[in-house]
Amino acid sequence: MKDKAFRIILYSTMIIIGAYFLFEGLYKAKPFLIPLSIAVLLAMVMVPVARKFESWGVSKGWAVLFSDLIILAFCVLIIYVVGIQVKQIADDWPQYEKKLQPKIEQVQQFVSEKTGMGMDEIKEKLKGVKSSGEAKGGGGIGIYVKQFFSFGGNFLLVFVYIFFLMYYRQKFKKSILGFVPKEKRATARKIIDEASKVSQHYLFGRFILIVILAVLYAVGLMIVGIKQAVLISLIAAMLSLIPYIGNIVGYGIALIMGALTSDGIGSIVGVSIVFGVAQFVESYILEPYIVGDKVDLNPTLTIVGVVVLGTVWGVAGMVIAIPVLGIVKVIADHVPVLNPVGYALGNEDISTDARWVEKLKDWVSRKKNHKS
C-alpha cells in the first residue's frame with residue numbers, strides 16, 4: 001500500500017514538473033516556434049494546391065512557389081485593405097474624440113459620485129496610468145520601428161518555411177517514418193495522412209467561412225450605416241479563428257465602432273442584429289457543410305486548450321489551438337495507450353461509442369497478456 005502511494009506521488013510530481021518545463025520551454029522558444037508552427041499548418045493547407053499545379057504539368061519547384069505566392073498575395077491584400085481602413089480612422093479621429101469627450105466626462109462623473117474622489121484627482125490618476133504605460137513601452141518611436149521589423153521578418157520567414165516544407169514534404173515524411181519500426185509504419189503513415197487531412201479540412205473550411213462572414217458583416221453593417229464597415233467586418237471575421245472568444249471580441253469591437261461612428265441606439269441594435277443573423281448562418285447553415293465534423297472536439301477541452309496555448313503563445317496560440325488539438329486527437333486515436341486521451345478530446349457520447357469501449361477493452365487485455 002505504501003509503495004502504491006509512493007508511486008502515485010512520484011508520478012504526479014514528475015508529471016507536474018514535466019508539464020512546467022514543457023510550457024516554460026514553449027514560452028521561451030515562441031519566437032522560433034510560432035512562425036514554424038504557422039508555416040507547418042499553412043503548408044498542409046497549400047499542399048493540395050501544389051499537387052494541382054503539378055497535375056497540370058508544372059514542375060515541383062514552380063508549383064510550390066506558385067502556391068506559396070498565392071497565400072502571400074492574399075495576406076498582403078488583407079494587410080493593404082486593413083491599412084487603408086485604419087488610415088481613414090486616423091483621419092477621422094478628431095471627430096471621434098469630440099463624440100467621446102462627453103461620454104468620458106459622464107464616466108468620470110459616475111466614478112466621482114461612487115468613490116467620492118474629485119474630478120481633478122481622477123484626471124491626475126488617469127494621467128499617471130498613461131505615463132506609466134508610456135514608460136513601460138519605452139523607447140518612443142524606436143520601439144515601434146523594432147516591432148515593425150520584427151513582425152516583417154517573422155512574416156517573411158513563415159513563407160520561406162512554407163516553401164521548403166512543401167518542397168521537401170516527402171523527405172520529411174520518410175524521415176519521420178524512419179523512426180518507426182517496420183511493422184508499425186503503415187499505422188504511422190495513416191496517422192500522418194489523417195493529421196494532414198484534419199488540418200487541411202479545418203483550415204481551408206475556416207478560410208472559406210472567414211470570407212463569407214466578412215461579406216455578410218460588411219453588407220449588414222453598411223445597411224445599418226456604420227462607417228469603416230469593411231475594417232470591422234475583416235477584424236470580426238478573422239477573430240472567428242479564435243473559438244468562442246473571437247466572436248465575442250469581434251462583436252464588442254463592432255459595438256464600440258458603431259457607437260463612435262453613428263448616433264443613437266439604433267446603430268447598436270443594428271450591429272446586434274447583423275451579428276446575430278451572421279452567427280446563426282455560420283453555426284447552423286455554413287459550418288456543418290463547410291467545416292463539418294472533421295475536427296469534432298470536446299468544447300470543454302477546446303476552451304482549455306485555447307486558453308493554455310493563448311497563455312503560452314498569445315493570439316497565435318489561440319488561432320492554432322483547434323488544428324493542434326485535432327492532430328493530437330488523430331494520434332491518440334491510433335496509439336492504443338493514448339486512446340483515453342483521444343476519447344476525452346472527442347465529442348462522442350460514452351453511452352453510444354461502443355467502438356471506443358471495445359478498443360479500450362482490447363488494449364487492457366493486451367496489457368494483461370504482456371504482463372503474464
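Leaving aside neighbours within four places in sequence, Arg169 is in contact with Val47, Arg51, Glu54, Lys60 and Val64, where contact means heavy atoms within 4.5 Å. I begin with this residue and then turn to the whole protein. The model is predicted: local features need pLDDT of at least 70, side-chain atom pairs count only at pLDDT 80 or more, and totals for chains, interfaces and linings use all residues. Residues are numbered from 1 along each chain as its sequence is written, and side-chain values use heavy atoms, with hydrogens and water left out.

Arg169 belongs to helix α6, which covers residues 169-178. Helices (H or I, at least four residues) and strands (E, at least two) are DSSP runs, numbered from the N terminus. With a relative accessible area of 15%, Arg169 is buried. Buried means under 20% relative accessible area, exposed over 50%, and partly exposed in between, with a 1.4 Å probe and protein chains only.

How many helices and strands are there in the protein? There are 14 helices and zero strands. Of the 372 residues, 30% count as buried. Among contacts with a separation of 6 or more, 67% come from residues 24 or more positions apart.

Glu282, in helix α10 (residues 266-290), is another buried residue, with a relative accessible area of 3%. Leaving aside neighbours within four places in sequence, Glu282 is in contact with Arg206, Leu209, Leu213, Asn247, Glu287 and Pro288. The C-alpha atoms of Glu282 and Leu209 are separated by 7.5 Å, and these two residues are 73 residues apart along the chain.

I now come to a pair of helices. Two packed helices are described by the angle between their axes and the distance between the axes. The axes of α11 (residues 299-313) and α12 (residues 315-334) come within 7 Å and cross at roughly 140°. That makes α11 oblique to α12. Axes are lines fitted to C-alpha atoms, for helices over the stretch in contact, and angles run from 0 to 180 degrees between N-to-C directions. Angles under 35 degrees count as roughly parallel, over 145 as roughly antiparallel, 65 to 115 as roughly perpendicular, and the rest as oblique. On the side of α11, the residues making the contact include Leu301, Val306 and Trp313, and on the side of α12 they include Val315, Ile320 and Leu325. By class, this contact has eleven nonpolar, four polar and no charged residues. Ala, Val, Leu, Ile, Met, Phe, Trp, Tyr, Cys and Pro count as nonpolar, Asp, Glu, Lys and Arg as charged, and the others, Gly among them, as polar.

My last topic is the aromatic rings. The structure holds 14 aromatic pairs. Rings of Phe, Tyr and Trp (its six-membered ring) pair if their centres lie within 6.5 Å; planes under 30 degrees apart count as stacked, over 60 as edge-to-face, and the rest as tilted. Phe74 and Phe207 have ring centres 5.0 Å apart and planes at 80°, so this pair is edge-to-face. Because Phe74 lies in helix α3 (residues 60-115) and Phe207 in helix α7 (residues 185-224), the pair ties together parts that are 133 residues apart in sequence. Phe74 counts as partly exposed at 31% relative accessibility, and Phe207 counts as partly exposed at 33%.

The rings of Phe155 and Phe159 have centres 5.1 Å apart and planes at 65°, so this pair is also edge-to-face. Both residues lie in helix α5 (residues 141-167), four residues apart, about one turn of the helix. Phe155 and Phe159 are both buried. Finally, Phe53, Trp56, Trp62 and Phe66 form one aromatic cluster.
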